[in-house]
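Q: I'd like to learn how to read a few features off a protein model. Could you walk me through them?

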Amino acid sequence: MPEWKEEILRRLESLKLPAARETEIAEEISQHLEDRYRELLAMGKAPAEAQRLAFAEINEGDLLARNLRALEKAATRDDAPLGGGNRELWGGLAQDVRYGLRMLAKSPGFTAVAILTLALGIGANTSIFSLIDGILMRSLPVRDAQSLVVLKWSAHKNPEAHNANIYGDCGNETFGGPSGSSSCSFPEPFFRDISEQSGIFSSVAAFANEGPLNISGNGMASVLTAEAISGQCFSTLGVRPALGRLIVSADDSTSAPPVVVLNYGYWKSRFGASPSVVGRSIRLNNVPFTIIGVAEPRFDSLSPGHIRDVWVPLSVLPQLHPTPEQKTRADDIYTWWLVIVGRLRPGVTIGQAQAAASVIFRNEMLHGVKALSKPEDNPQVAALPAQAGLAGNASGFSRELYVLMMAVGIVLLIACANVAGLLLSRATARQKEIAVRLTLGAGRKRVVRQLLTESVMLSVIGGVVGSLFAVWGSHAIIGLMAAGSDEPLGFSPGIDGRVLMFTFAASVLTGVIFGAAPALRSLRVDLTPALKEGAGGSAAEGGTGRWFGFFSVGNGLVIAQVALAVVALVGAGLLVRTLQNVKSVDPGFDTRNVLTFGLDPTLIGYKTAQADELYRNLQERLAAMQQVDSVSYSRVPLLGRDYSMSDFSMPGTVKGESADAGTLEVGADFFSTMHMRLLAGRGFDAAALAQAEVVRERAETQRAVQKPGGSGAAVNPKAAARSRAPDKAAGQANEAALPVVINQRFVEKYYAKSNPLGQHFGQREANAKTGASADPGYVIVGVVSDAKYQDLQSDIDPTVYMPSSGGDVTFEVRSAMSPGTLTALVRRVVSQMDSNLPVIAMHTETQLIEQLVSDQNMIAQVSGFFGVLALALACIGLYGLLAYEVSRRTREIGVRMALGARQVDVLRLVVGRGILLAVAGAAVGIGIALGVTRYLASLLYGVHPDDPVTMVGVAVLLVLVALAACYIPARRATQVDPIVALRYE
Amino acid sequence: MALRYMHATASDREWKKGSAELLILSLVEARPRHGYEISKLIEQKSQGKLSFHVASLYPLLYRLEKRGWLKGRWVEKSGQRRRRYYRLTRKGRRVLASQQQGWQQFVEAVNRITGGIAEAENA
């Protein structure tokens, strides 16, 4: 039979077709020639003649090659099958995907492990990214946020006589310090000046937190959060009503009737989404308000996390808070409290807006009625894009979220290395398949594309499963974050389009990263040995053929995984130790069995004397109860985040120099109720409290008669800004010094060498220049043990406890039993005393501490979880490599055992190798950890970033877990039966 | 009318070039056939007037396959070497219908002209 194929192949040679295509054409045409040949024989031709005639069909020069050339050239460019037309690429991809799915389905174990690993890695990243997206990258719920700016002033030194109310709308606001001061709070007169700059802004608005308001007229009396806004606020922001109408300029006038707009969520929860609320009347702080509308659902707050239940016009504030300060605030250049946002006119740049605002600001600061700054302080205003400028609560979470993003990045890298290891092992199993495909003429690019398609498919499926993990994960983390506050977190991160884009991009990138090495490696396959039966060369091992060649890719991947896991674990370990350290801090008082709750009778019009009487009566009634051991109250609870401090003139210091100390106003029996030890002197008796009441009432009376905007109104505003203590500065010169109790720290700092009891401090003479009146100061009547006040981490400051009077307070009720059982009882008693008086924020002291450490708790728990996940993935990687090596070397182990190796030798061989890898990884990991943990320093407490205990602890834990991961494959190696293993030899 | 004439001329040029394609598509219309069978049928049905050499036939088959008009598939029958059978795709069927119609019109036009000349000469 003539050799048709060889002849045809010779004629096709010049085309340089892929081998598979060339073979196919040759087969088809040789079949044709053979049919022709047989036909000619049948017609009676001699074989030689028949062969000549058959060959004549392809003997017309290079006609076959010429005719095929144009056709096949296009096809070889992309190895897509014929018949795909212009859809070659996609046709080829679809084929790759189909083939990939078949290959994945063929090894379900591998596929499941790889997808689960990737799902954990990608899911962890998606959940943290969804938090970053929802909290740090949240878009403002307003129209055309790009043209909205928020103003922020800065100066090298704090402006004089400046009293700032900061509500945290701008994130970081600073006062004093080496980098100067900056804040988003402005005085109302400046807001009016800016509003008149019609050339720059098309409209300007201002807003300020109005804190809690008492609401009645809608079921039980309760407290809500309110924001006061200027009349143009809603129109400037482009917010629409969901119902009724929103506040307009005409509502923001002292002559207009008080109106209120409800938050959509509040309307739904408290008013049952009733459309008839419009026109209804409610009482806020006992002032009748008409509900005029409900804001659109997406607008719940302007700065992230600051959800407000209602919005009221600025003009109603003097009615809501009938205090002298409120009445004068509109024209007061010393009280800075409004956040200003402006919408730029079309064509106006941020730079122009900034320059215009700065000119006005500098003018008022340097050349106003009273200069508040000096030229060298360089007061100026920055106009920030509102999206970035109004950071709100988001900035409080940014450090934690970026640390967590690094942690999950590490988890994803480990997952990638893990799956890359799995793929490398699998590449060995598929070596023959790839060799066959290459031999049959598959292009190398095509094989790489096929393998990459499979890895990207794995990671995309992993991404889909990971998104489900992420939904659960982000909810769990949000729960931990929200545990720190009674108010709603104000963020509702979810899996939206942007997060899905991130997940998809992360998945594809992941697929390419972990798929690249095995895919490229597959090209280095040596076809001849690979095709032989029983070939066992390891791609994972880099083809060295030695037992676990140490510098192989597989080992490298395991060492990298272990090293990364060590970094994640060290970080988590440091954060967990921080949580432990914070929780084990001795607060200096007994935190067990104490129930706290807030009352603010001033919201419903109580005067100081009335409030004091209420507090006394309530204290007596609660103390008389059988379940209650003792009761007291203070301005704020200990460890409730609130803190106030004042500066006092101290005897013995340079005149004019002041000493800082924390201040807390407390009621009778406070120290005994909190189980703080009275070290010397006495606590506060009824006389001390009565004296405090007199001081407070006098101060209030004096403030009420002072002229607005005059020097009297600006009495030592610096002190007012920093202190919530009663303004004794306004007291009478002939008044007696107020009795106070100080803590040990105060004694150590100021009375180290003398007996503090009976000592006076804080006296001040009248100063006509600054407008300060005389102050008789304080007399020390007692010394108590140190107690933590603001939080657990800060050092205890010198603290002055003063007798409390008026205002809002927090009650502390100590009980012998669980304080949770007292809540209903307390509410009933309060309600019996005044049914219009709501109980605010009822907590046990333990709960307050839990809230205080919630940030540390969240990051410790979440990073701990990711640390353990990283450890588990790394150990699965280690286990996978060893298990694979053992199964691949079964024959060799059999030979060793046949030659006399004992089981323990084999065990030692495998475990020893695994431990060597783990130790190498741990060493590399600790090296990296030493370099990067310093970035965690600001989140740590009581533990150094280089903490050796954590480092060694993590290394030991890792080696122990690695030992367990090595044991299973090692045990399997010892069970190799030499006879079975050698049967194939 | 002028437009129609021009159109006819343009498409005629097309089908002349593609008459070989038309032959192949017609032959696989009824059932899938392999290359040798196609070449034999062309020869037989044209009574030896038309024939394709291997060097022209197979590149043409591959071109038609690449255009998606034919689909080739290896078929192994018991006791025989496997052969590649070509069947008409749905797209190929549409192309064939249009080419057949064009061919019909062309033949009629040619007949009318050649017939017309003969008649004139006879007159």
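Q: Which residues form one aromatic cluster?
A: A:Phe648, A:Phe746, A:Tyr750, A:Tyr751, A:Phe761 and A:Tyr778 do. Rings of Phe, Tyr and Trp (its six-membered ring) pair if their centres lie within 6.5 Å; planes under 30 degrees apart count as stacked, over 60 as edge-to-face and the rest as tilted. This is a predicted model, where local features need pLDDT of at least 70 and side-chain atom pairs count only at pLDDT 80 or more, while totals for chains, interfaces and linings use all residues. Residues are numbered from 1 along each chain as its sequence is written, chains are lettered from A and ligands numbered from 1 in the order in which they are written, and side-chain values use heavy atoms, with hydrogens and water left out.

Q: How many aromatic pairs are there over all chains, and what describes a pair of rings?
A: You describe a pair by the distance of the centres and the angle of the planes. Searching the whole structure turns up 32 aromatic pairs over all chains. Take A:Phe234 and A:Phe299: they're edge-to-face, 5.9 Å centre to centre with 75° between the planes.

Q: What does the pair of A:Phe234 and A:Phe299 tie together?
A: A:Phe234 sits in helix 8 (residues 233-237) of chain A and A:Phe299 in the loop between strand 10 (287-295) and strand 11 (310-313) of chain A, so the pair links parts that are 65 residues apart in sequence. Helices (H or I, at least four residues) and strands (E, at least two) are DSSP runs, numbered from the N terminus.

Q: How do I read the size of an interface?
A: It's often given as the accessible area lost when the parts come together. Here chain A and chain B bury about 2,500 Å² between them, 52% of it on carbon and sulfur atoms; that's the area (1.4 Å probe) lost by two parts on being put together, summed over both. On the chain A side, A:Glu28, A:His32 and A:Leu71 lose the most, together 26% of what that side buries.

Q: How many salt bridges are there between chain A and chain B?
A: Six, each a side-chain nitrogen of Lys or Arg within 4 Å of a carboxyl oxygen of Asp or Glu. A:Glu39 and B:Lys40 form a salt bridge at 2.6 Å, N to O.
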